[in-house]
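Please keep the sequence and the model in view while reading.

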Amino acid sequence: MTSVSEENVNAKDSNGWAPIHYMAGFGDLEAISSLVSLGTNLDLYTTEAGESKPLTPLIVAIKSGEVAVVDLLLKLRASSVLKVDDLS
């Protein structure tokens, strides 16, 4: 993972993904814990390339089969629901 700070922990890249989305998909529990300590938004949504459906880190972990990450995110109270207000 490249250098992430409190200032850019929720910044999205040119693909529309933030560090938390990548780490959720890779199953990197240590990196997720580091991002949480920096204040990452566990409910941050993005759009998967080629799809118009928003994804949260929890959904990325589920789609990637990262059961340990799903468990961790749920324990950290990550939302499993996107609110309509989040999309505007």
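In which helix is the place of Tyr22? Tyr22 lies in helix H1, which spans residues 19-26.

## Basis of the model

The model is predicted, so local features need pLDDT of at least 70 and side-chain atom pairs count only at pLDDT 80 or more, while totals for chains, interfaces and linings use all residues. Residues are numbered from 1 along each chain as its sequence is written, and side-chain values use heavy atoms, with hydrogens and water left out.

Helices (H or I, at least four residues) and strands (E, at least two) are DSSP runs, numbered from the N terminus.

## Tyr22

Tyr22 is partly exposed, with a relative accessible area of 25%. Here buried means under 20% relative accessible area, exposed means over 50%, and partly exposed is in between (1.4 Å probe, protein chains only).

Leaving aside neighbours within four places in sequence, Tyr22 is in contact (heavy atoms within 4.5 Å) with Asp13, Asn15 and Trp17. The C-alpha atoms of Tyr22 and Pro57 are separated by 8.1 Å, and the two residues are 35 apart along the chain.

## Thr46

Thr46 belongs to strand E1, residues 46-47. Thr46 is buried, at a relative accessible area of 2%.

Residues up to four places away in sequence are not counted in what follows. Thr46 touches Lys12, Asn15, Gly16, Trp17 and His21, and also Lys53, Pro54 and Leu55.

## Helix H3

Helix H3 covers residues 57-64, and its buried residues are Pro57, Leu58, Val60 and Ala61. These residues cover an arc of only 160° around the axis (taken from the directions from the helix axis to the C-beta atoms), which puts them on the same side of H3. An α-helix has 3.6 residues a turn, so residues three or four places apart point the same way.

The buried residues of H3 pack against H1, strand E2 (54-55) and helix H4 (67-75). Just after H3, Gly65 takes a positive phi of about 75°.

## The chain as a whole

The protein has four helices and two strands, and along the sequence they follow the pattern α-α-β-β-α-α. Of its 88 residues, 33% count as buried. Among contacts with a separation of 6 or more, 57% are between residues 24 or more positions apart.

The protein exposes about 5300 Å², and carbon and sulfur atoms supply 53% of that area. Accessible areas come from the Shrake-Rupley method with a 1.4 Å probe; for residues, only the protein chains shown count as cover.
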